[in-house]
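Please read the report below alongside the sequence and the coordinates.

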Amino acid sequence: MAAILPTLWQELVKSGKRSPEVEPTIPMMLQEIGHWLVQPLDLTGNNEPEAVLTLLPPFSKQG
C-alpha cells in the first residue's frame, strides 16, 4: 500500500482532485483516502491482479 499511495496521489493532483501545493506523508494520505474501496482484479488476463479503485462522491471531490 505504501508503494502505490504516492503514485495515486500524483495522479489525483494531475486530475485536479488534490492540491499540488501539499506534499502529504503516508499517514496523511491514509487518513484522507484510506477508506476508498480497492479491489484486486485480473484485468489483463495475465493472472496478475491489477488494482481497481472505486471513488464515490463526496470522496472523489477535492475538499
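**Basis**

This is a predicted model, in which local features need pLDDT of at least 70 and side-chain atom pairs count only at pLDDT 80 or more, while totals for chains, interfaces and linings use all residues. Residues are numbered from 1 along each chain as its sequence is written, and side-chain values use heavy atoms, with hydrogens and water left out.

**Overall make-up**

The protein has 2 helices and 2 strands, and from the N terminus on these elements run α-α-β-β. Helices (H or I, at least four residues) and strands (E, at least two) are DSSP runs, numbered from the N terminus. Of the 63 residues, 16% count as buried. Buried means under 20% relative accessible area, exposed means over 50%, and partly exposed lies in between (1.4 Å probe, protein chains only). The protein exposes about 4,800 Å², of which carbon and sulfur atoms supply 59%. These areas come from the Shrake-Rupley method with a 1.4 Å probe, and for residues only the protein chains shown count as cover.

Contact means heavy atoms within 4.5 Å. Among contacts between residues at least 6 apart in sequence, 33% join residues at least 24 apart.

**The helix pair**

Two packed helices are described by the angle between their axes and the distance between the axes. For α1 and α2 the angle is about 65° and the axes are 10 Å apart. Axes are lines fitted to C-alpha atoms, for helices over the stretch in contact, and angles run from 0 to 180 degrees between N-to-C directions. The crossing of α1 and α2 is left-handed, a term used if the near helix is turned anticlockwise from the far one by less than a right angle (right-handed if clockwise). On the α1 side the meeting residues are Leu5, Pro6, Leu8 and Trp9, and on the α2 side they are Ile26, Met29, Leu30, Glu32 and Ile33.

**The core**

Which residues make up the largest nonpolar core? The set has 7 residues: Leu5, Leu8, Trp9, Leu12, Met29, Ile33 and Trp36. The elements that give two or more residues to this core are α1 and α2 (26–33), and α1 gives the most, with 4 residues. A nonpolar core is a set of buried Ala, Val, Leu, Ile, Met, Phe, Trp, Tyr and Cys residues joined through side-chain atoms within 4.5 Å. In soluble globular proteins, nonpolar side chains tend to be buried together.

**Selected residues**

The table lists relative accessible areas for residues discussed in this report.

| Residue | Relative accessible area | Class |
|---|---|---|
| Met29 | 4% | buried |
| Pro6 | 32% | partly exposed |
| Glu32 | 34% | partly exposed |
| Glu11 | 42% | partly exposed |
| Lys14 | 66% | exposed |
| Asn47 | 69% | exposed |

Met29 lies in helix α2. Leaving aside neighbours within four places in sequence, Met29 is in contact with Leu5, Pro6, Trp9, Pro24 and Gly34. The C-alpha atoms of Met29 and Trp9 are separated by 7.7 Å, with the two residues 20 apart along the chain.

Pro6 lies in helix α1. Not counting residues up to four places away in sequence, Pro6 touches Ile26 and Met29. Between Pro6 and Glu23 the C-alpha to C-alpha distance is 9.5 Å, at 17 residues apart in sequence.

Glu32 is found in helix α2. With residues up to four places away in sequence not counted, Glu32 touches Trp9 and Arg18.

Asn47 is found in the loop between β1 (37–41) and β2 (50–54). Phi of Asn47 is near 60°, a positive value in a residue other than glycine.

**The charged pair**

Side chains of opposite charge can pair when their charged atoms come close. How many salt bridges are counted? The count comes to 1 salt bridge, by the rule that a side-chain nitrogen of Lys or Arg lies within 4 Å of a carboxyl oxygen of Asp or Glu. The salt bridge joins the side chains of Glu11 and Lys14, at 3.3 Å from N to O. Both Glu11 and Lys14 lie in helix α1 (residues 4–14), 3 residues apart, about one turn of the helix. Glu11 is partly exposed, whereas Lys14 is exposed.
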